[in-house]
Each structure stands twice: as structure tokens, then as C-alpha cells.
Amino acid sequence: MKWMLSCKEITEICCDEDRKLGFIENIKFWFHLGICKACSAYKKQVEFMSRAMKKIMNERAVVDEKVVSKLEKDIIEKVSNGA
Ligand SMILES: [Zn+2]
């Protein structure tokens with residue numbers, strides 16, 4: 001049994017919202033995030049993106065295009081700044 005997930009496995013888990021982690025898998029996942037700065041930064045970015053995309057999807061119906069494109073610009077800036 002291997003305790004250390006690879007960074008590739010972590011990014012796959014992060015990208016797949018529907019994926020349900022088992023108890024052990026969950027421990028391994030958080031263990032990796034605890035020691036791997038790259039993956040914990042990546043996870044934050046994925047969460048930010050998915051929240052932002054949901055916000056855009058929800059608001060697209062009621063806001064005008066200018067607001068949406070500003071939001072999209074903000075996201076791109078945030079991501080490229082690594083925040
Ligand atoms: Zn990693």
C-alpha cells in the first residue's frame with residue numbers, strides 16, 4: 001500500500017468534483033496537500049475557479065455582458081498572479 005499520492009493523482013482528484021474519496025484516500029489526499037505547496041496552491045486555484053464560474057453562470061442571465069467580461073478578466077488576473 002502506498003501512502004504517498006503523486007502530484008498528478010492529486011490534480012486529478014481536484015479536477016473531478018464528482019469523485020468521492022474513501023476514508024484512506026481522503027487521508028492520503030490531505031496528507032499530500034499538507035506537505036506539497038504546489039498541490040495546495042493548485043487546489044485553492046481550482047476551488048476559486050469553480051466558485052467564480054458558478055457565480056458567472058448564475059449571474060449571466062441577469063447581468064449585462066460588461067459585468068461578465070470584467071469578472072472573467074478578474075479571474076484571469078488572479079490566476080496569473082498565482083493568488
Ligand atoms: Zn503535490
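Me: What counts as a helix or a strand here?

Reply: Helices are DSSP runs of H or I with at least four residues, strands are runs of E with at least two, and both are numbered from the N terminus. In this predicted model, the chain reads α-α-α-α along the sequence. That comes to four helices and zero strands.

Me: What makes the chain more spread out than a compact globule?

Reply: The globule rule gives 12 Å for 83 residues, while the radius of gyration of the chain is 16 Å. The value is well over the rule, so the chain is more spread out than a compact globule. Along its principal axes the C-alpha trace spans about 55 × 25 × 15 Å. Buried residues make up 7% of the 83 residues.

Me: How do you know that the span of helix 2 agrees with its number of residues?

Reply: Helix 2 covers residues 23-35. Its 13 residues, at 1.5 Å a residue, should span 18 Å, and the end C-alpha atoms are 19 Å apart, which agrees.

Me: Why are the buried residues of helix 2 said to line one face?

Reply: A residue is buried if 20 or more other C-beta atoms lie within 10 Å of its own. In helix 2 the buried residues are Lys 28, His 32 and Leu 33. Seen down the helix axis, they fall within an arc of 135°, so they line one face of helix 2. The face turned away from that buried side carries the exposed residues Phe 23, Asn 26, Ile 27, Trp 30 and Gly 34.

Me: Why is Met 49 called partly exposed?

Reply: Exposed means 12 or fewer neighbours and buried means 20 or more, with partly exposed in between. Met 49 has 13 C-beta neighbours inside 10 Å, so it counts as partly exposed. Met 49 is found in helix 3, residues 37-60. The C-alpha atoms of Met 49 and His 32 are separated by 21 Å, and these residues are 17 apart along the chain.

Me: What makes helix 4 hardly covered?

Reply: Among the 16 residues of helix 4, the count of buried residues is zero. From its first C-alpha to its last, helix 4 reaches 22 Å, close to the 22 Å expected at 1.5 Å a residue.

Definitions and conventions
Residues are numbered from 1 along each chain as its sequence is written. This is a predicted model: local features need pLDDT of at least 70, side-chain atom pairs count only at pLDDT 80 or more; totals for chains, interfaces and linings use all residues. pLDDT is the predictor's confidence in each residue, from 0 to 100. The expected span of a helix is 1.5 Å times one less than its number of residues. The arc is that of the directions from the helix axis to the C-beta atoms. The radius of gyration is taken over C-alpha atoms; the globule rule is 2.2 Å times the number of residues to the power 0.38.
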